[in-house]
Amino acid sequence: MNERKRLKKLLGDKYIFKIFLPLGEVRNILHSKDTHEKLFASLTVGCVKINSIVFSTADKSVLVFDILVKDKPDSTEWICYDTVTDEVKLSSYNLEQTMFDNLNRVVKKYGLSYTECNFEVVNGKIIKTE
């Protein structure tokens, strides 16, 4: 059993794959001058998540992956961790596996976990209200 299928079985309802836009619409957006960012697909695997976003630059529209993490396993909020700009091939057949492979690479590279929130915490500025 491959890693994706193993985690899908282990995590149950904490493994969620959703497609929000039809492939044809995404292809049209990629070839248009549309400047709006659009969520194409999302894969949640426990405490980490990858979103496929149609993103426009000055020259063209591209697909990018946003990697998100939780600060606590039961949190409803997601924190953007990284953006991956690898070339993505549009196919509904392998999209879930492609997204998982990219997510798994980032998880391994940065020592993240699917079941625990063990990413490095970076403290920002605290804004005091007056």
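Where pLDDT is low, the predicted coordinates should not be read in detail.

The largest nonpolar core consists of 28 residues. Phe 40, Val 45, Leu 103 and Tyr 114 have the most contacts inside this core. At least two core residues come from each of α1 (3-11), α2, β2 (38-45), β3 (48-56), β4 (61-69) and α3 (95-110). The most come from α3, which gives 6 residues. In soluble globular proteins, nonpolar side chains tend to be buried together. Leu 103 shows how parts of the chain meet: apart from its neighbours within four places in sequence, Leu 103 is in contact with Val 45, Val 48, Lys 49, Ile 50, Ile 67 and Tyr 114.

At its start, a side-chain oxygen of Asn 2 lies within 3.2 Å of the backbone nitrogen of Arg 4. Arg 4 is also one of the buried residues of α1, together with Leu 7 and Leu 11. These three sit on the same side of α1 because they cover an arc of only 65° around the axis. The buried residues of α1 pack against β1, β2 and α3. On the face turned away from this buried side, Lys 9 and Leu 10 are exposed. Just after α1, Gly 12 has a positive phi of about 60°.

How values were computed: Residues numbered from 1 in each chain as written. Predicted model: local features only at pLDDT ≥ 70, side-chain atom pairs only at ≥ 80, totals over all residues. Heavy atoms only, no water. Core = buried A, V, L, I, M, F, W, Y, C linked by side-chain atoms within 4.5 Å. Buried < 20%, exposed > 50% of the residue type's maximum accessible area, 1.4 Å probe, protein only. Helix = DSSP H or I, 4+ residues; strand = E, 2+ residues; numbered from the N terminus. Contact = heavy atoms within 4.5 Å. Arc of directions from axis to C-beta. Polar contact = N/O pair within 3.5 Å; in protein donor to acceptor, adjacent residues only side chain to side chain.
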